[in-house]
Every structure is written in C-alpha cells, then in structure tokens.
Amino acid sequence: MAGGSYSHFGGRKSSDFCSKITVVTFLGISCIGIWMLISSFSIPLQNSEISSTNILGQYSGSSGDFPVNAKREEDETFQVEKQFRRGRSLEEIADENRLDSYQNEEREGESSNLRNEEENPENSESSSSGDESQSGDESSNRESDEVDSREKDSTSSSGESDTGGEDSNPDASETTVETEKAKKGETENEVFPAADQSEILKEATTQNGPWSTQAAESEKENESQGSSSSMDDKKGDKWKLCKTDAGPDYIPCLDNVQAIRKLPHTSHYEHRERHCPIEASTCLVPLPSGYKQPIGWPRSRDQIWYSNVPHGKLAQVKGHQNWVKVTGEYLTFPGGGTQFKQGALHYIDFLQKTLPQISWGKQTRVILDVGCGVASFGGYLFERDVLAMSLAPKDEHEAQVQFALERGIPAISAVMGTKRLPFPGKVFDAVHCARCRVPWHIEGGKLLLELNRVLRPGGHFIWSATPVYRKDEENVGIWEAMSELTKSMCWELLEINEDKLNEVGVAIFRKPTSNDCYQSRTQNDPPMCEEADDPDAAWNITLQACLHKAPADASVRGARWPEKWPLRSEKLPYWLRSSQVGVYGKAAPEDFAADYDHWKHVVSKSYLNDLGINWSSIRNVMDMKAIYGGFAAALKDLKVWVMNVVPIDSPDTLPIIYDRGLFGIYHDWCESFSTYPRSYDLLHADHLFSDIKKRCNIESVFAEVDRILRPEGKLIVRDNAETILEIENMARSIKWKVKMSYSKDGEGLLFVQKSFWRPKQEQIIKSAIA
C-alpha cells in the first residue's frame, strides 16, 4: 500500500515536472528565435548586389580570412597601434603587454568562439593557423598575431559590422556616416559622382583619344630597333614569406641574381637595370626586426629610425660629407652632400643667384636629380616649391634611395645604362647632377643625349662636378670633352660660378628652343634622330645616340613653357585642343576640366574628411593609374607628394601631368615597381585592378601593393563591384583591415589598411638567391 501510494505520488510529480520543462523549453526556443530574427535585421550588408561566396572561396583556406561582415575594429588593436605609431617597436609593446589581457579575453569569449567554430569550422581552422607569423623577433610576431586574432574573435562573436560600432582611433575611424548617406541616396558626400560625371568613374567608357599607349609607342619603337619581349602570367601560390638574399629590402626586378649572372657584360651598368623574374611571385616581403612606424614629415627629413633602414655603411663612407650619420637609434641627415657639405639650402640659393631665371618654384617646378645620393637636395627643394624626381641605382651606396623614401622624399631606383629612363620626352624643367658619377662625355654622349630627350626645350642642365673647377689633367680633359659635346648638341653655356663656402663650382647649360642651331651645324654629330623615332616612347627602349628636333609648330607640346606654378596645376595645357577627343570621350579641354572637378569634389567631400584618414601622417602617395593627374592636383595644398603612375597599357597622358607641375613615371603593373619595400603611406587605384587582371596575375599585383605599402598604410580602390569584392577578400586573407567597402550600380569603393602581420611559411625565390 505504502509502496503503491508512493508510486502514485511520484508519477504525478514527474508529470508536473515534465510540463514545466516543456514550457521553459518552449519559451527559451521562442526567445532565441526572436533574438535571431532581430539580429538578422541589425547587421547591415556591405554589398547586396554581389554574392561573396564565389570569390571568397578562393581565399577561404588562407590564413587570416575574416567573415564577410566582420568589420568593426576593436579597442585592443587600437591600443597596440597607438603605441606603434608613437615610434615603439612591436617587440617593445610585446615585452610590456605580454599575453595576460589576451588570455582573459580569450576565456571570456570562449563559448561564443566555440559556437562560431561549429557554424563555420573552415574559417575557424584557417584563423588558428593564420595567427602564426615570422620576423626577426618572435615576441613581435606573437603580439601582431594576437592583435589580429583578438580583432577577429571579437568581431565574429559580436556579430556586428564595422559600420555599427564606434572607433576610438581618429586615424582609423570607419566611414559609417558616408556609407549610410550613400545608401539613402544622399549626394552631399559624393562617394560616387553625380550622373553627369559618371563616365569619369566608370573606366569602361574610356578611350585613348589622341594619345597612344606607352605600350604601343614602345612596341613600335622596339620593332624599329629590332627588339621584342615576352611575359608569363602564371598563377602564384597562396601567401608565403619571401625568402631572398635581399631579405626585407627585396625588389624583384632589381634583385634577380640569376638573370644578372647570365649577363654577357656589365660595363654599361646592365646589372643595375631591371631584370624581372619570368613569373611574378605572390609572396610577402618580411619586415626588418624592430620595425617602427616611420617618423612623420617634416621631422623625417632630418632623422629616421635606424631599425627601419638598418644600414650604416653609407654613414661611414659619406658621414664626413654630411650625407648621413648614425646617432643612437636614429639615422640623422645634416642636409649636406658631396657638393654641398655646408647644407643644401645654401647650395640651392647659390644656384638661384648664379642664374636668377631659374626662379625656383615658379619658372622651375619639376626637376630630375640624377645620382641623388640620400636626396637631401630634393628634400630641401620642397621649401622652394620644387618637385625633384630623385634617381639613383641600387648599388654599393647602400640603400640611398631607401633612405630618401623613409625621409619622405620622392625617389626611384634606376640607372642611366642601356635603356631610356621611364619618362616622356620634353618634360623636366631642369636636370641636376652633383658629382653624380655619370660619364656624360663618352660613347658619343649617349647618356647626355638621354637627358636632352627628357629635358624641356629651354630647360637647364645644372652640372656641379670636379671638371668644372679643378685643373688637374684628368678633370681638364673631361671638361674639354664636355664643352665640345654640349656645343655640338647646341646647348648654350649660360654660367660658370664658384661656391666659395662649399669650395665647388657649377656650370649651367640651356637646351635650345628651336632647330636653327641644329640646321647650321657643319657636322651631323651627334646625328639627328630618325623621323620615326618617338621621343615619348620610353618603356624598355634601347638608348640611341641621337638628337630629337625641337617643335616647329607653336601649337605643339614643348614649343612654349608652361604657366608658372601654381597656376599651371589648374590651367589647361595650351596644346590640348577642342578637336582632340579626351580619355573620357569629351573634347580634350572639357575632359580635362571635368576630371579635375571630379577629383577636387571626391577629395574634398570624401577623402579628406569622411574616410577617417589622418592626413598629417600621410606623406608618400602614389596614384597607381593616373589619367590627367587630377587626384594629385586636388592634393597639392597638403604636405604630401604624389607619384603619378601611367600604366603602359593606358592612354599616354603623362606629358599632361608634367605640364601641370606634377611628376610621374611609366610602369607595367605585371612587374614590380622600382622602389624599396615599405615606401608609400597611401596608394590610390582607380579602375586599375579590373584592367590588370585581364593580362596579369592579380594576386601578384596585390602582393606588390603589399610590398611597397608601409604597415598601417592605406589603399583606396575604386573599381567595378566584382573587382572590389575580390580585392577586399585578398586584403582580408592577409589580415588587412577593411575600413570601408561599398558598391552601388555595379561600381564600388574600397578603403583598407595594411597590418604588420606576416605569414610564417616561407617561399624560396630562386631567382633572388645567389
């Protein structure tokens, strides 16, 4: 009885308990369902027009791949970057912070991370493997990986997008407001142009107009010289760390050891010229051990971190000439040079007094400095509103161009050897050589004739070298040979003067503006170039020892001097006529004006304010696909300089850029750029990648972008929506931060920031190992 009564009571209790469990379970499931429904509407999609799965799949196995909508930056990342920007190395940050805070956060977020791993095991696996890195110091690598890992875990578990959170970092703030307004159709910020300017953004509507491409010009010139070239577009592997003899200073087309070994001779500096690997690699260049955020301009002109460019040889060799000195943890630059030991500013003013018509910053705006050393001459010319394209080879003067770029001074690695310089004809207002070690007078003056090609008619050659003022037999012989050569080239010797403070001398020559002297020569030596020889063809063209005629038609480029600076930056070049069709399909003058208006609008309404860029930290800028130079012209009032790159398969508008008082260079983006790693603070690519991927491996192009951009450097991409998504996913795969990703009507804008993460696995580059 007792047992039966207990059994009856127990059964009733069990029934009530089950009912309660059912109700609680039902309520719990309902709450979860409501929460999921609300959450699904709270995450704004960055790109509703394109599915990300197809392109993302290409990189889903790469380390550091983030969920598509994970865009919020975390405070922990900012704290490390804040210290990094103050000039502290990653090793120093790691020593202080260690792993304590990270381990606490890891424990707190463990359950949410497990849930994410169950939902997407593939991404979880790639994340864990991708948090490994390699550089000279292990603690530095752990810290950078932990920062990126924390950012990823936090954004994944929170389920919020970038635009939904606040960023405490003013330099890296998200463009929430701009994106929101763009989605609402508001145009005051103008992420994209209004309808009447849409053809300027949409590159598909462009045409060459009256301009040939550099590829076509150079191909035609090469055919006439009987030369040819080939290219291999094979795909690269997934991201790895480049293992080369050059290490953190690797320049693929200048460090091709295997190709250089096969050269039949090097008497004309062939070993300093470009020799690109047949297959462009997709590996990432390592950072120097102890790398710090570069010192900002103008302080950088005078000192940089030794750890960023750890080369002391030049200080030992040239320290007595005030090139560079090692001062504790800094490399300092007293502002001197071989010909101006007492300082570049005195020397610059000495040249002005010698020839007042040089008129720095007004009449003379864009110059070429050959054999620039550490580019102090170009660095101090900024005080006179002059842009100097500083040029020097990668040679025994260890890292001289790298010093220049780290200082915030424009420079490229190049040599006057057997090929034309990558510039159009008749563009530089002056060419400067201060003990530049170039034998101008030999072999019929072939190298000096190359300067004649790029020098504007009426432009000046400023030669400060020992043959000008020393009277020993060797120097006197060189001066006599130079005098004879320049006279036969119809150059007029304007002035010879002595700088008593520096105990040097200078000779200044002027290129003729007409053909009268050429026609009156008794001997055709140097000979005049053939009519078919295009002086603007410059990409991979063999030097010719000949003179190009001066323009005979007053309406042709080079017949008149451009407007004085700064008016020339805005005024239409006189030789652009309404009968010519511009790149965007309008009459050339209208096209030029529309392009400038477009970029002034985009820069002022979007780039300067709404992208969250701290422009005081930006100095070295590159426009990877410049058209008329409108982007650079729109930035002219900032303390930045812009390297305008005209791709060889784009309309050849580089002469227009020079006539505006800006400068630039031809380049083929299927190959590496002639600069050191970590050279630029900001890269701008307007419809470049969609063009490039038609003929190049886009992964290798992106690896090149990573190579030349500094850690924490910015990349702004404007392109079609499909390409934007592809670049975004590549950026995520190497742990770059996506600051903004937006698309509308098939066009997109991407703003990303490079991190200091490096992969651990190495890729041996056989061509770069002796």
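Biologist: How many disulfides does the structure hold?

Modeller: This is a predicted model, and a disulfide is taken here as a pair of cysteine sulfur atoms within 2.5 Å. With the bonded cysteines numbered in sequence order, the pairing reads 1-4, 2-3, 5-6, 7-8, 9-10, 11-12. The number of disulfides in the structure is 6.

Biologist: How many residues apart in sequence are the parts that the pair Cys253 and Cys276 ties together?

Modeller: A disulfide joins Cys253 to Cys276, with an S to S distance of 2.0 Å, and with 110 degrees about the S-S bond this link is right-handed. Cys253 lies in the loop between strand E1 and helix H12, whereas Cys276 lies in the loop between H12 and strand E2, so the parts tied together are apart in sequence by 23 residues.

Biologist: Is Cys276 buried, partly exposed or exposed?

Modeller: Buried means under 20% relative accessible area and exposed means over 50%, with partly exposed in between. Cys253, at 1%, is buried, but Cys276 has a relative accessibility of 23% and therefore counts as partly exposed.

Biologist: Is the disulfide of Cys433 and Cys436 left-handed or right-handed?

Modeller: The sulfur atoms of Cys433 and Cys436 are 2.0 Å apart, and both residues are buried, Cys433 at 1% and Cys436 at 10% relative accessible area. Because the torsion about their S-S bond is about -85 degrees, the disulfide is left-handed.

Biologist: Which residue in E14 is the bridge partner of Pro647?

Modeller: Strands E13 and E14 run parallel and are joined by 4 bridges. The chain crosses from E13 through helix H23 to E14 in a right-handed β-α-β crossover. In E14, the bridge partner of Pro647 is His667.

Notes: Residues numbered from 1 in each chain as written. Predicted model: local features only at pLDDT ≥ 70, side-chain atom pairs only at ≥ 80, totals over all residues. Heavy atoms only, no water. Pairing = 2+ DSSP bridges. Helix = DSSP H or I, 4+ residues; strand = E, 2+ residues; numbered from the N terminus. Right-handed = clockwise from strand over helix to strand, strands pointing away. Buried < 20%, exposed > 50% of the residue type's maximum accessible area, 1.4 Å probe, protein only.
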